[in-house]
Amino acid sequence: THTHTHTPNHSSPSPQTLSSPRESASTRTALSFHDYRRKCVALLRENPRDALTLCKLATSMTESETVTLSDGRVMNQQQLCIEALRCDCNLAYAYACVGNTVRLSGRETVMLSDGRVMNERQLYIEALRCNPNDFNAYFNLASSLAGKDTATLSDGRVMNKQQLYVEALRCFTNFALAYNSLATTLSGDETVTLSDGRVM
């Protein structure tokens, strides 16, 4: 099962907010990540409530790593994402990031700072409530479903795996991994109609 995390283009970060590290394998070195994290920590020193930077810092880490913030707190990936939601409870990207950490941890649920206890699927659904065009959340929600399972979104839509992948492609038409995953939902000569009318 693939889980995708991409820094959202739809967010409106402050001018100081960092872009994610480049995805090229040749540039994803320990040094570049160390430098990236150091810059994130520096930004958080200036604005400890910068929810997007908290998420970006979290997504640069592995599940087992921790980082020491300028105020002395030592936090892991999941704790950073939960802190991001404490700072901005409507940040879709943060809900999706927490959902990813739940999947990676193998635990069924996580408690947010406001006391809500949510599982992986509920977190992706909450991300979509905050941003109905979050292609990451559609993709990861689809990937969390097994077989003919469906998910009920906060707007009442009931969607299966295939429909969620189609919706991810509606939001981001160049999402290669979603095309690949959508293909795995088809059998034989079966086709699917994309939101732009293409039949594939």
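I began with the rings: Phe135, Phe139, Tyr165, Phe172 and Phe175 form one aromatic cluster. The model is predicted, so I kept in mind that local features need pLDDT of at least 70 and side-chain atom pairs count only at pLDDT 80 or more, while totals for chains, interfaces and linings use all residues. Residues are numbered from 1 along each chain as its sequence is written, and side-chain values use heavy atoms, with hydrogens and water left out.

**Aromatic pairs**

I looked up the aromatic pairs and found five in the structure. Rings of Phe, Tyr and Trp (its six-membered ring) pair if their centres lie within 6.5 Å; planes under 30 degrees apart are stacked, over 60 edge-to-face, and the rest tilted.

Phe135 and Phe172 have ring centres 4.7 Å apart and planes at 50°, so I noted this pair as tilted. Phe135 sits in helix 6 (residues 135-144), and Phe172 is in the loop between helix 7 (161-171) and helix 8 (176-183), 37 residues apart. Helices here are DSSP runs (H or I, at least four residues), numbered from the N terminus.

Buried means under 20% relative accessible area, exposed over 50%, and partly exposed in between (1.4 Å probe, protein chains only).

Next I checked Phe139 and Tyr165, another tilted pair, with 5.5 Å centre to centre and 50° between the planes. Phe139 lies in helix 6 and Tyr165 in helix 7, so this pair ties together parts 26 residues apart in sequence. Phe139 is buried, with a relative accessible area of 0%, and Tyr165 is buried too, at 4%.

**Nonpolar core**

I then turned to the largest nonpolar core, which has 57 residues. Such a core is a set of buried Ala, Val, Leu, Ile, Met, Phe, Trp, Tyr and Cys residues joined through side-chain atoms within 4.5 Å. Leu57, Leu69 and Leu112 are among the residues with the most contacts inside this core. Helix 4 (92-105) is one of the elements that give two or more residues to the core, and helix 4 gives the most, with eight.

I followed up Leu112: leaving aside its neighbours within four places in sequence, it is in contact (heavy atoms within 4.5 Å) with Ile82, Leu85, Tyr95, Val98, Met118 and Leu123.
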